[in-house]
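Hi there,

Here is the structure I promised to pass on to you. Have a look at it first, and then read my notes below.

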Amino acid sequence: MSAIDTTKIPNSLEEHWMPFTSNKDFKENPRLIVEAKGVYLKNHQGKTMIDASSGLFCNPLGHGRKEITNAVTKQLDQLDYVQPFQQGFGGSFELARRIAKHTPGNLNRIFYTICGSTAVETAIKIVIAYHKAKGQGQRFRFVGRERAYHGMNIGATSVGGMINNVKTFASVLMPGVVHMRHTHLPDHKFVKGQPTTGVEMAEDLERICINFGSENIAACIVEPVAGSTGTLVPPKGYLKRLREICDKHGIILIFDEVITGWGRMGSAFASQEFGVIPDVITMAKATTNGVVPMGAVAVKEEIYDAVMDASPKGAVELFHGYTYSGIPIAVAAALAVQDIFEKEDIFKKSKEMSPYFLDALFSLKDLEAVDNIRGYGMMGGIDMKLKEKPGRAGYECFKACYEAGVNFKATGDCLIIAPQFICEKKHIDEIIEKLRTGISNYAKK
Ligand SMILES: Cc1ncc(COP(=O)(O)O)c(C=O)c1O
């Protein structure tokens, strides 16, 4: 601890119970970030690191964007908060219009939430309200997928499929949820982009319809590319097939685009990238470039209309909402982000940098400790070979890479790499070089 600048360490680390963190280990050897600018972070030891995961996918435009800070400051000076029930302010309507310009098809009705988890929870409730409005109240089942991550409230945990997130809470999860198998097959090892095999995994949905009665199924929710579990890219034709099965049985298709939305795949949404239009899209990360919490749900006009039409004029149509839904500072930040998306043609930038990034990422294939690499757009996953028990290799490798000056998140034994869209080739090179050093140092230990 002697090398640490103690002026940056709080008096006590005990009171804060940290999320998704090995608290005991962290508190013995803390990693505190004190500054963020562009693609770089500085920690409390004065060490500069490159941000290889866009701060958990949140900051693709780089840290410390003045345009966003200024917009939030101005908004705070003028109107700091508006209660969002039965009243509003102009900005949220303007933002909904700007978001709807990018969403596919007629997913033009936007409901604000606070984060990705609340976006998923809201999507679940909207789907139920929609089916009730259409006289299909018996549809209560949701179909999720193994290895999915949809957030951490009860609904989102229930449709998720990562074992450690689910097993402790099994007794309180939502009833009626069924899971399809994940799409990662053994022959997808080191496949860059979409695998050409595995489209038949979509037939799991058809089997669930047969086994449970399609008339009971409300929705199928998938991440178009599973992000948190380490970039599981859908086999060619898989998403299209899910769409066909949903259409056949009147099931709502939800794309959870909390990670894949806003350019991560090279198009505004993965929906456009893979040419499949769902009925509902959830989004969150990158909406405000991580500056203020915000999520949103985009729904097809028919869904909104059905819920509106089911209630008499003057009645609240959907008994759902959050105190912090679409609050002024979140909207101000998101509008500034929309301006940057347009001015800097950000989605095109992401698409153009993707081949360079993926080639660089896959160059790590020769490292002995690496078991597998996947990637699409500006997102990739590196699986480390198992060490003693699941999760150990990922965590130890993350720490070695942190020491080598590259910061990202590891989930289980997978290193999640998602560079900012403002990265230049030299930044990608730096990320890969430092990953190589970090992984090699880890392997020597
Ligand atoms: C696909 C997906 N959905 C939902 C969430 C939950 O978002 P949040 O952590 O903002 O609640 C995440 C978070 O990583 C996610 O990746």
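**What I found around the ligand**

An oxygen atom of the ligand sits 2.9 Å from a polar backbone atom of Gly-116. Keep in mind as you read that this is a predicted model. In Asp-256, a side-chain N or O atom is 2.7 Å from a nitrogen atom of the ligand. In Lys-285, a side-chain N or O atom is 3.3 Å from an oxygen atom of the ligand. On its own the ligand would expose 390 Å², and the protein buries 83% of that.

Which residues are around the ligand? They are Cys-115, Gly-116, Ser-117, Tyr-149, His-150, Gly-151, Glu-223, Ser-228, Asp-256, Val-258, Ile-259 and Lys-285. Sorted by type, this shell has 4 nonpolar, 5 polar and 3 charged residues.

**The protein as a whole**

Now zoom out. You can trace 15 helices and 15 strands in the protein. Its C-alpha trace spans about 65 × 55 × 45 Å along the principal axes. The radius of gyration is 22 Å, which agrees with a compact globule, because a globule with 445 residues would have a value near 22 Å.

How much of the protein is buried? Of its 445 residues, 56% count as buried. The accessible surface comes to about 19,500 Å², and carbon and sulfur atoms hold 54% of it. Among contacts with a separation of 6 or more, 72% are between residues 24 or more positions apart.

Happy exploring!

Definitions and conventions:
Residues are numbered from 1 along each chain as its sequence is written. This is a predicted model: local features need pLDDT of at least 70, side-chain atom pairs count only at pLDDT 80 or more; totals for chains, interfaces and linings use all residues. Side-chain values use heavy atoms; hydrogens and water are left out. A residue is near a molecule or strand if one of its heavy atoms lies within 4 Å of it. A polar contact is a pair of N or O atoms within 3.5 Å; within protein, one must be able to donate a hydrogen and the other to accept it, and residues adjacent in sequence count only if both atoms are side-chain atoms. Accessible areas come from the Shrake-Rupley method with a 1.4 Å probe; for residues, only the protein chains shown count as cover. Ala, Val, Leu, Ile, Met, Phe, Trp, Tyr, Cys and Pro count as nonpolar, Asp, Glu, Lys and Arg as charged, and the others, Gly among them, as polar. Helices (H or I, at least four residues) and strands (E, at least two) are DSSP runs, numbered from the N terminus. The radius of gyration is taken over C-alpha atoms; the globule rule is 2.2 Å times the number of residues to the power 0.38. Buried means under 20% relative accessible area, exposed over 50%, partly exposed in between (1.4 Å probe, protein chains only). Contact means heavy atoms within 4.5 Å.
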